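Please read them alongside the model.

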Amino acid sequence: MKKEDTVKLISAEGFEFVIDKKAAMVSHTIRNMLTSPGGFAETQLGEVTFPEISTPILEKVCQYFYWSLQYASGMETEFHIEPEITLELMMAANYLHT
Amino acid sequence: MAMYIRVKRNKTTYFVQCDPTETALDIKQKLQTLIDEPSTNQCLTLVATNDVLDDSKTLAEQKVENDAVVALTLRKDGNEFEEVYIAQPENLKSFS
């Protein structure tokens with residue numbers, strides 16, 4: 001696990017989630033930010049701030065990234081979503097193209 | 001990827017990919033490259049049970065499962081470990 005292979009996602013409240021780049025790339029929006037040549041400052045820093053995504057939602061999104069990688073590798077578990085966060089989570093997923 | 005755990009300290013969460021057969025020391029060595037603190041200055045506590053993880057035992061032996069939350073504490077000035085502290089966002093339900 002190398003620092004260069006991780007990205008830091010920062011929530012609206014300033015909470016930080018350090019995840020593998022590979023996991024973050026599940027999101028097309030983040031993938032574009034991290035891979036577009038010279039475009040985003042995020043590419044160099046390896047930090048992406050989401051002022052519109054609250055901490056519990058961003059954590060759930062990160063858990064989803066990892067679940068998605070596990071599922072793709074053949075581990076068929078269920079991804080549990082609490083009903084009370086469904087709407088907010090869907091809005092975040094829409095924004096992140098996840 | 002077999003599993004991951006969420007290592008939390010203050011306002012930061014590290015998602016660490018790991019295997020049930022890895023030891024707590026293996027996890028600390030992974031964290032070492034991320035936080036620049038040697039493994040000897042790290043202490044990991046399984047939040048669900050409040051058990052301090054033993055370096056030499058595997059994650060499976062210590063009931064650390066996929067998606068488990070583990071608190072990280074660091075040694076202050078080469079002496080004692082700080083208290084476990086995981087910050088929570090103020091309003092958990094921030095519906096807009």
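1. In this predicted model, strand 2 of chain A and strand 2 (residues 12-18) of chain B run parallel and are joined by three bridges. Two strands pair if DSSP finds at least two bridges between them; helices (H or I, at least four residues) and strands (E, at least two) are DSSP runs, numbered from the N terminus. A:Glu16 stands opposite B:Thr12 in strand 2 of chain B.

2. The sheet is open and has eight strands in the order 3(A)-1(A)-2(A)-2(B)-1(B)-5(B)-3(B)-4(B), with mixed pairing. Strand 3 (47-49) of chain A and strand 4 (51-52) of chain B are at the edges, each with a single partner strand, so one side of each has no neighbour in the sheet.

3. Helix 4 of chain A packs on this sheet, touching strand 1 (6-10) and strand 2 of chain A as well as strand 1 (3-9) and strand 2 of chain B. The direction of helix 4 makes about 10° with that of strand 2 of chain A (axes are lines fitted to C-alpha atoms, for helices over the stretch in contact, and angles run from 0 to 180 degrees between N-to-C directions).

4. What is the extent of the interface? In contact (heavy atoms within 4.5 Å) are 26 residues of chain A and 27 residues of chain B. The chains bury about 2,300 Å² between them, 55% of it on carbon and sulfur atoms; this is the accessible area (1.4 Å probe) that two parts lose on being put together, summed over both.

5. Three salt bridges are counted between chain A and chain B, a salt bridge being a side-chain nitrogen of Lys or Arg within 4 Å of a carboxyl oxygen of Asp or Glu. One of them links A:Lys3 and B:Asp36, with the closest N and O atoms 3.0 Å apart.

6. On conventions: residues are numbered from 1 along each chain as its sequence is written, and chains are lettered from A and ligands numbered from 1 in the order in which they are written. Local features need pLDDT of at least 70 and side-chain atom pairs count only at pLDDT 80 or more, while totals for chains, interfaces and linings use all residues; side-chain values use heavy atoms, with hydrogens and water left out.
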